[in-house]
Amino acid sequence: MLFEVWAPDADSVELRLEGVPLAMGRDPGRSGWWTAEAEASDGDRYGFVLNGGGGSGGEGGAGRPVLPDPRSRRQPDGPDGASAVVDHSAYVWHHDWDGRGLPGVAVLYELHIGTFTAEGTFDAAAERLGHLVDLGITHVSLMPVCPFPGTHGWGYEGVSLWAVHEPYGGPEGLKRFVDTAHGLGLGVVLDVVHNHFGPSGNHLPAFGPYLTETHHTPWGAAVNLDAPGSDEVRACLLGSALAWLRDYRLDGLRLDAIHALVDTRALTFLEELSAATDALAVELGRPLSLIAESDRCDPRTTTPRESGGIGLHAQWNDDFHHAVHTALTGESQGYYADFAAAPLAAVAKTVTSAFFHNGTYSTFRGRTHGRPVDVVHTPAHRFVGYAQTHDQIGNRALGDRLSATLSPGLLACAAALVLTGPFTPMLFMGEEWGARTPWQFFTDHTDPVLAEAVRDGRRREFAAHGWVVDDIPDPQDPATRNRSCLDWSEPAQEPHARLLAWYRELIALRHALPDLSDPDLASVRTAHDEAARWLAYRRGDLRIAVNLGEKPAAIPLGAGRHRGVGGRVVAAWEPVQAPDSDGLLHLPPESCVVLADE
């Protein structure tokens, strides 16, 4: 087989295959590339020695440091170990798959393999996928699975962008998971991180200018997307993204924090990725989706390329989350401040305009932020709406979910806002039954200096906001991860079972009633009362009302769309009568209802 590596500044490169050295030669057709032909089989270990072994890395042969392949498909012993050959053709897929796109009735479910079950493996997670089918989920959104130090972590410290974390099950485990999901009718989306590399096990700078001091991000030197040598760096990132979609039959990618990708080139990396993904979808004959995480509030992120946009297929909508969160909890710290001033008005604005900050002043940023969405021409499914995510839970001091402080009724209202709203809905694992387990920040760094720095940094960050240092969970303590694992005995118990049934009912309605998946943002109509703490909105012939207050609310819904009065109760958290002859709905405290015009 052909072994190849990009090392533009190296004077010599040696392939070390199963302990046997083999000199590599320069590729005359590609500047900076080195190649060698050698017999190899699936699982064979290999690595590269640069300049006779003057760099860092594991020892091999005559004491020369052996570095893992920057494009390694497998790291059996972690980021610092040898790479291994992967024969993707060896896996026999059991299920044909035509794909599943986002437009329509998609419902996403964000899932972390390491805590979805106590075992923390692909195979253990696959055994629980039937629960998601019964819930009505259409796509599993996996958090990152690239190799990172140790066994347990969030996954955002990955450095081997083509490989799969071995403790989860490695490449074969991921394929089995995807195969099982597809057999059950579930699409699979994977979170990939292009904006930084992990601090431990990162050998990429030894090979070439994967990072650049031209720009800096919160993680240090930026990933090189526009400085000298960036063509090959972009090609590496692009190749890894397409490999996930092709070799593992994934249905889409979630692109982490694209606002941290510093790219000044006329044709941006994201546009290249969008075009390449669309081309691969045509080649494979199935839909492929790119979902961005971005805090720019910029509709151009998902505007088609032919209309001057980047051409990604959807983007997370944190503004919707912030509005819902402040309405439910009353929290007003940090970036919640602008939303908390009038939280129900903020929810109303996001469900009709997508972004709250659409050219408005952001006190958190100290400047004007965002850009208006053209609601007439922008379909609502391009925005992902949610009440909870791994970030919004795990980045809290104690990793506490909404269920730690809110009543079951308010949790039901959160579900109604997400699942009957105009956006593509997403749940965070365990949300559907109001899981009592937290989801905390945990790491497993093998470098003791880095481990202490992370631990100390976490505690200092929250101590600055008034937290007692000893109350902050130790990220390196295995108990922190263990506390974050879902308790699968909860769904059968009350009050969890009732909330789970409510989520199932709402998702079933979303699948059954076209008005709930109507992409027309311009047609959404809202009304609210901040003092009485109620909000109502119309989706076609449906009207949804939530009462977040502690007292019953009298909500004037007026005449129905067809000029009749009253309406039929389609679903309700608490028993409720249809609106009276004056169109007045009497809604119990901390409750919600879905009504259909008669």
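Biologist: What is the bridge partner of Gln315 in strand 20?

Modeller: Phe383 is the partner of Gln315 there. Before we go on, this is a predicted model, where local features need pLDDT of at least 70, side-chain atom pairs count only at pLDDT 80 or more, and totals for chains, interfaces and linings use all residues. Residues are numbered from 1 along each chain as its sequence is written, and side-chain values use heavy atoms, with hydrogens and water left out.

Biologist: Which strands close into the barrel?

Modeller: There are 8, in the order 10-11-12-15-16-17-20-21, with parallel pairing. Neighbouring strands of that sheet are turned by 30 degrees against each other on average, ignoring direction. Axes are lines fitted to C-alpha atoms, for helices over the stretch in contact, and angles run from 0 to 180 degrees between N-to-C directions.

Biologist: And which strands does helix 6 lie across?

Modeller: Helix 6 (residues 230-247) lies across strand 12 (187-192) and strand 15 (252-255), at about 145 degrees to strand 15.

Biologist: Switching to Asp256: is that residue buried or exposed?

Modeller: Asp256 counts as buried because its relative accessibility is 8%; the cut-offs are under 20% for buried, over 50% for exposed and partly exposed in between, using a 1.4 Å probe and protein chains only. Asp256 is in the loop between strand 15 and helix 7 (269-284).

Biologist: Which residues does Asp256 touch?

Modeller: Leaving out residues up to four places away in sequence, Asp256 touches Tyr156, Asp191, Val192, Val193, Asn195 and Glu293. Contact means heavy atoms within 4.5 Å.

Biologist: New topic, where does Ala522 lie?

Modeller: In the loop between helix 15 (496-512) and strand 22 (525-529). Ala522 is partly exposed, as its relative accessible area is 29%. With residues up to four places away not counted, Ala522 touches Val375 and Val376.

Biologist: Last one: how many helices and strands are in the protein chain?

Modeller: 15 helices and 28 strands. Buried residues make up 59% of the 598 residues.

Conventions. Pairing = 2+ DSSP bridges. Helix = DSSP H or I, 4+ residues; strand = E, 2+ residues; numbered from the N terminus.
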